[in-house]
Amino acid sequence: MLNIYDIEVNFNKKLFDFFDWNETDILDLIRKTPLVKVADKTYNLFLKGNIIVDKELLQLIKDKTEVYNEKKYEKIEYACSITNGYDAICIMFDSKGNILRRSRLNIEDEIEIIELSSSLKTTTIGYKEVKKYYKYNFLLRSESKIIKEILFNLNKYKDDSIKIEYLYYEWFNKKSTTNNCYEDLLIDIKKTFSNKHKEFLNVIKLFVV
């Protein structure tokens, strides 16, 4: 097992891409942490967060991660970097193998890890797959914020059929043929994100007094 040195992490329950880190995020500088290479299927479970690892991995990585804290080093009991040879993240576990926090890496650190991992053999990790743990956030924070703002404002008008029908037309560019305008809007707005959301939010704001 290799150790990785001097990497910057942004531990959160949600997994944010590096380009989506905020200036207000609390970043940690990891002095060293073990690197574990796993198969693609296992790595994807770590990305989704629906995995509980066995004791063997925890014993392997216990107290081997050190983080800079002012003028001294502090150990993180269970943490390591995980890679499949093409991608990499850093993960913090609890004593039962549940994921506590995860972090993407900046471009330089990730490239270094991927290059170093080429000499590593794939480690078979014992784990239990769970239905749902953390949900991977595929949206930028700014995009998530816009969607939440749309949904918040829509909720204000859910009992106003005239406004909801108008907003339905603005979103779908057609009149509704059902009595479920509000529900249909919610479902479609949450599917994905596009510039259409920005334009739609501006339309909704016209109603704000």
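In this predicted model, Phe 18, Phe 19, Ile 107 and Ile 111 make a nonpolar surface patch of about 400 Å². Ile 111, one of these residues, lies in helix α3, which spans residues 107-117, and Ile 111 counts as partly exposed because its relative accessibility is 43%, a value in between the limits of 20% for buried and 50% for exposed.

In the loop between β8 (99-103) and α3 one finds Asn 106, which counts as buried because its relative accessibility is 10%, and buried means under 20%. A polar atom of the Asn 106 side chain lies 3.2 Å from the backbone nitrogen of Glu 108. Leaving aside residues up to four places away in sequence, Asn 106 touches Glu 8, Phe 18 and Trp 21, and Phe 18 is also one of the residues that make the surface patch.

What lies in the interior? In soluble globular proteins, nonpolar side chains tend to be buried together. The largest nonpolar core here has 20 residues, of which Phe 46, Ile 82, Ile 89 and Phe 93 touch the most other members. Two or more residues each are given to this core by α1 (40-48), β3 (51-53), α2 (55-61), β6 (79-83) and β7 (88-93), and the largest share, four residues, comes from α1. Phe 46 touches, not counting residues up to four places away in sequence, Ile 51, Val 53, Ile 82, Ile 89, Ile 91, Phe 93, Ile 99, Arg 102 and Ile 125. Apart from this core lies another, of 19 residues, including Ile 150, Tyr 168, Cys 181 and Phe 193.

Technical notes. Residues numbered from 1 in each chain as written. Predicted model: local features only at pLDDT ≥ 70, side-chain atom pairs only at ≥ 80, totals over all residues. Heavy atoms only, no water. Core = buried A, V, L, I, M, F, W, Y, C linked by side-chain atoms within 4.5 Å. Buried < 20%, exposed > 50% of the residue type's maximum accessible area, 1.4 Å probe, protein only. Contact = heavy atoms within 4.5 Å. Patch = residues over 30% accessible without salt bridge, like charges linked within 9 Å, V, L, I, M, F, W, Y side chains within 5 Å. Areas by Shrake-Rupley, 256 points an atom, 1.4 Å probe, with all protein chains shown as cover. Salt bridge = Lys/Arg side-chain N within 4 Å of Asp/Glu carboxyl O. Polar contact = N/O pair within 3.5 Å; in protein donor to acceptor, adjacent residues only side chain to side chain.
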